Amino acid sequence: MMLRKIYTCLAILFLLLLQAQNVKNYDKVYSKILHETYHKNFDKAIIAGDSLYRSSVKPAFQVKSLMLLAQLYQRKGDVEKAVNYAERSEDIIEKYQIYDYSARVFGFLASQYRIISLYDKSKSYTEKALSAVKYIKDPAESNNVTGLMLQELAHYDIKTKQYKKAIFKLEKAQEKFNLLREKDFFTATNNQLMGVCYIGAGMYDKAITYYKEALVYANKNIPKSTLAGKVFQGLALAYVRNGELNEAKEYLDKAEDYVKDSKYLGLNQEIYSTSQEYYARRNDAQNFTLATEKKILYPN
């Protein structure tokens with residue numbers, strides 16, 4: 001009953017607000033749902049996002065509203081629903097030829113398919129996104145999307161252990177991020193991926209350097225984030241493989257602390273694997289067994 005009342009009130013609000021389909025008004029509501037309502041009440045944000053979509057007459061607003069819902073479900077970790085909403089927006093893009101927004105949609109789908117290990121499909125959407133960048137009118141948005149898609153291609157190279165190729169793409173991505181006014185987060189994620197590459201290539205000192213650069217941003221801005229968790233895990237692993245076990249323990253403890261509140265099972269598994277490697281180096285059979293049990297108990 002309460003949800004119905006909330007839905008009705010929000011629907012009336014958005015219908016009034018969006019009657020003229022004003023871009024400024026639309027963006028204001030969109031931003032409020034994504035950056036405020038979501039953090040207070042996920043269910044209310046979903047209802048609001050659905051109401052925004054139903055209130056949207058212009059196809060471009062329908063696409064953005066569906067992508068808003070896709071992002072909300074992505075944040076919750078529901079990849080299936082995130083992909084479903086993104087694909088619905090793709091259908092509208094194709095029907096009405098809204099190509100200036102297509103790169104963002106294709107890029108989103110590329111990242112979601114990578115998360116669920118459908119790498120060929122992810123690569124296909126990445127290439128579609130890069131082809132669609134030319135339709136983006138805003139230079140900053142164009143650089144942003146291009147950088148992110150180069151990161152996606154680097155993920156594919158990392159998966160196939162082609163680390164030199166991945167590093168080259170990440171360097172090109174950083175060139176695009178350097179052109180952005182707000183580049184810190186993108187640079188931090190790029191440095192984290194560079195760390196992954198250099199661990200894979202067996203160059204642990206270089207990996208540590210890149211991870212520590214990423215850590216400066218993560219500690220300052222988002223200490224409890226997935227990015228921070230990835231950096232802690234990567235630093236711990238790099239130090240383990242570099243034989244610096246005392247330093248490894250510091251970051252392993254931080255990574256294991258991250259797991260307590262994390263719903264990102266893929267990263268949790270990597271942290272447990274790093275724990276196993278660390279305790280094996282320490283000849284600590286008891287803690288090695290505990291790490292193994294956790295890894296089995298919370299499978300990827």
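This is a predicted model: local features need pLDDT of at least 70, side-chain atom pairs count only at pLDDT 80 or more; totals for chains, interfaces and linings use all residues.
A residue is termed buried under 20% relative accessible area, exposed over 50% and partly exposed in between, with a 1.4 Å probe and protein chains only. Residues are numbered from 1 along each chain as its sequence is written, and side-chain values use heavy atoms, with hydrogens and water left out.

The protein chain contains 15 helices and zero strands, where helices (H or I, at least four residues) and strands (E, at least two) are DSSP runs numbered from the N terminus. Of the 300 residues in the protein chain, 49% are buried. The chain exposes about 16,200 Å², of which 52% is supplied by carbon and sulfur atoms; accessible areas come from the Shrake-Rupley method with a 1.4 Å probe. Among contacts (heavy atoms within 4.5 Å) between residues at least 6 apart in sequence, 55% join residues at least 24 apart.

Two packed helices are described by the angle between their axes and the distance between the axes. Helix α6 (residues 102-115) packs against helix α8 (residues 139-159) at an angle of about 25°, and the axes lie 10 Å apart. This angle makes α6 roughly parallel to α8, a term for angles under 35 degrees. Axes are lines fitted to C-alpha atoms, for helices over the stretch in contact, and angles run from 0 to 180 degrees between N-to-C directions. The crossing of α6 past α8 is left-handed, that is, the near helix is turned anticlockwise from the far one by less than a right angle. From α6, Ala 103, Arg 104, Gly 107, Ala 110, Ser 111 and Arg 114 meet Glu 141, Val 145, Met 149, Glu 152 and His 155 of α8. Four nonpolar, three polar and four charged residues form this contact.

Helix α8 also holds Asn 143, which is buried because its relative accessibility is 14%. Beyond residues up to four places away in sequence, Asn 143 touches Lys 176, Leu 179 and Leu 180.

Asp 120 lies in helix α7 (residues 119-132) and is exposed, with a relative accessible area of 61%. Asp 120 is 36 residues from Tyr 156 in sequence and 8.7 Å from it in space, C-alpha to C-alpha.

In helix α10 (residues 184-200), Gln 192 has 9% relative accessibility and therefore counts as buried. Apart from neighbours within four places in sequence, Gln 192 contacts Tyr 211, Ala 214, Leu 227, Lys 230 and Val 231.

Key:
Angles under 35 degrees count as roughly parallel, over 145 as roughly antiparallel, 65 to 115 as roughly perpendicular and the rest as oblique. Ala, Val, Leu, Ile, Met, Phe, Trp, Tyr, Cys and Pro count as nonpolar, Asp, Glu, Lys and Arg as charged, and the others, Gly among them, as polar.
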